[in-house]
Amino acid sequence: MTNVLIADSYKSIRILVEDFLSLMENFSFTIFNKENGEEAWKIIKTENIDLIISGNTMPGMSGLELARKVKAKDSPYKEIPFIFCSGAPGEYQKEIEKLGAISLPKPYSLIDFQKLVRSLL
């Protein structure tokens with residue numbers, strides 16, 4: 001079972017990502033859905049997360065701030081693959097790459113999403 005954290009302020013996006021994951025053959029996922037970075041961070045600290053998929057714009061801690069915490073040099077979670085989904089990826093592209101996270105621009109296709117997830121797991 002692969003533990004996936006989905007963090008996005010939009011419930012519809014979280015449901016879509018969960019649906020995309022459910023369509024992947026040969027994978028079994030436990031999904032943690034959170035609507036903001038603070039809730040996501042709590043899950044990261046308490047569960048054995050294998051993959052993080054996060055939007056950027058969220059109340060409180062943004063996806064970029066969450067990526068900074070997860071990917072910090074002294075973070076015990078820095079090896080967790082982190083997919084950063086944003087409608088304005090160019091704005092954050094350099095920092096995302098520097099952090100070691102992967103940018104997936106919105107909108108993205110089911111095929112591109114699943115290909116990326118497969119490559120990370």
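Me: In what order do the strands of the open sheet line up?
Reply: This is a predicted model: local features need pLDDT of at least 70, side-chain atom pairs count only at pLDDT 80 or more, and totals for chains, interfaces and linings use all residues. Residues are numbered from 1 along each chain as its sequence is written, and side-chain values use heavy atoms, with hydrogens and water left out. Strands (E, at least two residues) and helices (H or I, at least four) are DSSP runs, numbered from the N terminus. The 5 strands pair in parallel, and their order is β2-β1-β3-β4-β5.

Me: Which strands stand at the edges?
Reply: Two strands pair if DSSP finds at least two bridges between them. An edge strand here has a single partner, so one of its sides has no neighbour in the sheet.

Me: Why do the buried residues of α2 line one face of the helix?
Reply: Buried means under 20% relative accessible area, exposed over 50% and partly exposed in between (1.4 Å probe, protein chains only). In α2, Gly37, Ala40, Trp41, Ile43 and Ile44 are buried. Taking directions from the helix axis to the C-beta atoms, they line one face because they fall within an arc of 160°.

Me: Which exposed residues does the face of α2 turned away from its buried side carry?
Reply: Now look at the opposite side. Turned away from the buried side, that face carries Lys42 and Thr46.

Me: Is Ser75 buried or exposed?
Reply: Ser75 sits in the loop between α3 and β4. Its relative accessibility is 8%, so Ser75 counts as buried.
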